[in-house]
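Subject: A structure to look through

Dear colleague,

I am passing on a structure that I would like you to open beside this email, so that you can follow each point on the screen as you read.

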Amino acid sequence: VSRMFSILTLVTAMLSASVAIGGEPPTEAELKERFKKRLAPIDGLKDAGKLGETTQGLVEVVHDKDAGESVTLPGDGKSTVGQLVSKENADRRKLYEIIGERTGETVTVVAQQAAIRNFRQASPNHWLKMRNGQWVQKKDLPEPK
Amino acid sequence: MRHTIPDRDWFHATLVVAALSIPGCNIEHEVDVKPTQHTVKVEPIFMTIDINLRVQRELDEFYSDVVGGEPPEKGGEL
């Protein structure tokens, strides 16, 4: 009986560990809260020309030297620009997965659609990363036909 | 007094001149011209992607709670 109990305990522990390692995927509500928290700092960094949007629907550091810069997040304390970008992109990918499952589209398609939206909403001084890897300010792009 | 050059001397003189001029005519200039190839790689900066209204609506609905959504536009470029 004690051996059975030991095995059962071990299996339970392993299952708990696997859940803890993998983690539960965030709900939409949780994602919204996280995006809200990061919105102001990210917008500020975009206005400062340090972050920009990519054609993959992700945010990126325009100049690598800025990745180590410290940034204050509401509630989360201090972080670096690079860490902020990583967290934002991880959550964006989760969001694209959720929308992809709901619409029957691939994550790539959803990400491209998000990129269109991000490019459209970008301010004239915001930096946008083209498909060839070149960073361009929105004001320097020709008007879409 | 008239001095005449013998035919034989004319012949020799012509022969010497001809012999001297042959190397001059035989000068060759070899200019090695290699074909120059300029490869210009032009990658498209823009890619036109059709708006997927259903996905745009989902994104708008999601972000409306975060920043405030906008109605999707027709067509888009990346």
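Which residues does E53(A) touch, if those up to four places away in sequence are not counted? Please keep in mind throughout that this is a predicted model. With that said, the residues that E53(A) touches are K46(A), L58(A), V59(A), R92(A), N118(A), F119(A), W127(A), L128(A), K129(A) and W135(A), not counting residues up to four places away in sequence.

To find E53(A) on the screen, look in strand β1 of chain A, which covers residues 51-54. E53(A) counts as buried because its relative accessibility is 2%, and the cut-off for buried is under 20%.

In chain A, at least two lining residues are supplied by each of α2, β1, α3 (81-103), α4 (107-121) and β5 (127-129), and the largest share, 5 residues, comes from α2(A). Sorted by class, the lining of the second largest pocket consists of 9 nonpolar, 6 polar and 6 charged residues.

The other topic is the aromatic rings. A pair of aromatic rings is described by the distance of the centres and the angle of the planes. Over all chains, the structure holds 3 aromatic pairs. One of them is formed by F35(A) and Y63(B), and it is tilted, with 5.8 Å centre to centre and 50° between the planes. This pair crosses between chains, since F35(A) sits in helix α2 (residues 28-47) of chain A and Y63(B) in helix α2 (residues 53-64) of chain B. Both F35(A) and Y63(B) are buried.

Y63(B) also pairs with F62(B), and here the arrangement is edge-to-face, with 5.3 Å centre to centre and 85° between the planes. F62(B), like Y63(B), is buried. Taken together, F35(A), F62(B) and Y63(B) form one aromatic cluster.

With best wishes

Definitions and conventions: Residues are numbered from 1 along each chain as its sequence is written. Chains are lettered from A and ligands numbered from 1 in the order in which they are written. This is a predicted model: local features need pLDDT of at least 70, side-chain atom pairs count only at pLDDT 80 or more; totals for chains, interfaces and linings use all residues. Side-chain values use heavy atoms; hydrogens and water are left out. Helices (H or I, at least four residues) and strands (E, at least two) are DSSP runs, numbered from the N terminus. Buried means under 20% relative accessible area, exposed over 50%, partly exposed in between (1.4 Å probe, protein chains only). Contact means heavy atoms within 4.5 Å. Rings of Phe, Tyr and Trp (its six-membered ring) pair if their centres lie within 6.5 Å; planes under 30 degrees apart count as stacked, over 60 as edge-to-face and the rest as tilted. Ala, Val, Leu, Ile, Met, Phe, Trp, Tyr, Cys and Pro count as nonpolar, Asp, Glu, Lys and Arg as charged, and the others, Gly among them, as polar.
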